[in-house]
Amino acid sequence: MVGRLPVNSRERFLAACACKPLGRPPVWVMRQAGRYLPEYRELKARHGFLKMVRTPELAVEASLQPIRRFAFDAAILFSDILVVPEALGLGYTFRDEGGIAMEGRLESRAMIEALAPESAVPERLSYVAEALRLLRTELAGKRALLGFGGSPWTLATYMVEGGSSEDFARVKALFYEDRETFDILLGKLTASLIAYFQMQIRAGADAIQIFDSWGGAVAGPDYEAASLRWIRAIVAAMPEGFPIIVFGKGTGPHLTDQAFTGARVLSIDWSVELASVRRSLPENVAVQGNLDPAILNTTPDVSRRETIRLLESVRGSAGHIFNLGHGILPQAKIECVEAMVDAVTSWK
Ligand code: CP3
């Protein structure tokens, strides 16, 4: 930082996390390394998704692809939230019709107790640390480097349901019928994620995003017990002041509670109005978001117009990271992403 102005993307990103005033917000998008990019599709056709995740050089390549094309201020490690269940002994694959299939599902206390110990997680995921270290070198302090993981609740849904789910019936049955076993599983996931995130921080992550993608599936009065208390425990175990970003999908009613977890940034889904969220949250909590990803499937003109409309709606408020309200869709158009990024970076 020279004087008060950030001189590069990484500093801009960190300044936004710290709610410092900025001329324009930093910008990146969730799932920025993904199927909307022809070079990603090509890399995946050659190697396959799981090999890309497990091979540091390929994960680095996938992470850098969007950075080469667009003026994003942050790179996010190419990986998946499901590497943590895999490290605990429950691997994942993809269903032909779309969605995730786990290699089994947790049906008893004994199966939970038979999972690998949480202390095994950092070692089993050492390829993630290696990819982060390589990325850190590639980025050379110019752009922010983001690590990530799933929330304990969101990971538990995959492990108890045996994959993607429509109704979350099994994991909810566990939560309501046998809270003690539920808590053992969530406690184990929480400890695993703490060790995993500490490893990511040691490897050079500038910030970490926790994806509570299925937080919105929990009944409102039970969000605290099913998901938020475990997220709070993770945030509390991180180094003081380290930027943690919490993304909850469908958790709009719980934003105030999320803000009091100690997370420095809340990532806001597209269902809520960013300006009213900004006004209602404490000033020392930054917000990230929240353009509807579907806008990037339209035209560059619409993408520019809607980007500027969102920027204007929070003009003058510190602590905004521009992003989508959820992951970019495979149908997103490159020209629309360009128009969005250009609108943000040229905004005055
Ligand atoms: O943001 C990034 O660019 C980093 C990479 C990233 C991926 N997955 C790569 C990926 C991140 C941050 C994730 C997180 C993730 N993975 C979440 C939480 C984020 C969210 O969107 O809420 C979840 C729920 C998962 C589990 C998962 N992995 C799903 C549901 C899928 C889609 C399965 C399908 O139907 O295709 C994946 C696969 C996946 N992870 C892809 C990518 C780029 C697509 C795989 C492909 O190329 O076919």
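1. Start with the largest pocket. Its volume is about 1200 Å³. This is a predicted model. The pocket is lined by 39 residues. Arg31, Arg35, Asp80, Phe94 and Ile100 lie nearest its centre.

2. What classes of residue make up the lining of the largest pocket? There are 22 nonpolar residues. Ten are polar and seven are charged.

3. Next, the second largest pocket. Here the volume is about 240 Å³. The lining of this pocket has 13 residues. Closest to the centre are Leu274, Asn290, Glu306, Arg309 and Leu310.

4. Which elements give two or more residues to the lining of the second largest pocket? They are helix 14 (274–280), strand 8 (286–291) and helix 15 (300–313). Helix 15 gives the most, with four residues. By class, this lining holds seven nonpolar, two polar and four charged residues.

5. Now look at strand 5, residues 207–212. Is this strand mostly covered or mostly open? The strand is mostly covered, and six of its six residues are buried. Trace the side chains along it. Ala207, Gln209 and Phe211 point one way. Ile208, Ile210 and Asp212 point the other way. Both sets are buried.

6. Strand 5 has a partner in strand 4 (residues 144–150). The two pair in the parallel sense over five bridges. One place to check is Gly149, whose bridge partner in strand 5 is Ile210.

7. Strand 5 also pairs with strand 6 (residues 244–248). This pairing is parallel too, over five bridges. Phe211 stands opposite Phe247 in strand 6. How does the chain get from strand 5 to strand 6, and through which helix? The chain crosses through helix 12 (residues 223–237). This β-α-β crossover is right-handed.

8. Last, pick out Val53. This residue is found in helix 3 (residues 49–54). Why does Val53 count as buried? Its relative accessible area is 3%, and buried means under 20%.

9. What is Val53 in contact with, leaving aside its neighbours within four places in sequence? The list is Ala59, Phe78, Ser79, Val83, Tyr92 and Tyr127. Take Phe78 from that list. Val53 and Phe78 are 25 residues apart in sequence. In space, they are 6.7 Å apart, C-alpha to C-alpha.

Conventions. Residues are numbered from 1 along each chain as its sequence is written. This is a predicted model: local features need pLDDT of at least 70, side-chain atom pairs count only at pLDDT 80 or more; totals for chains, interfaces and linings use all residues. Side-chain values use heavy atoms; hydrogens and water are left out. On a 1 Å grid over the protein atoms alone, a cavity is a set of points where a 1.4 Å probe fits but cannot get out, and a pocket is an open set with protein on both sides within 12 Å along at least five of seven lines; lining residues have an atom within 4 Å of a point. Grid points are joined across faces, edges and corners, and a volume is the space filled by probe spheres set on the points. Ala, Val, Leu, Ile, Met, Phe, Trp, Tyr, Cys and Pro count as nonpolar, Asp, Glu, Lys and Arg as charged, and the others, Gly among them, as polar. Buried means under 20% relative accessible area, exposed over 50%, partly exposed in between (1.4 Å probe, protein chains only). Two strands pair if DSSP finds at least two bridges between them. A crossover is right-handed if, with the strands pointing away from the viewer, the path from the first strand over the helix to the second runs clockwise. Contact means heavy atoms within 4.5 Å.
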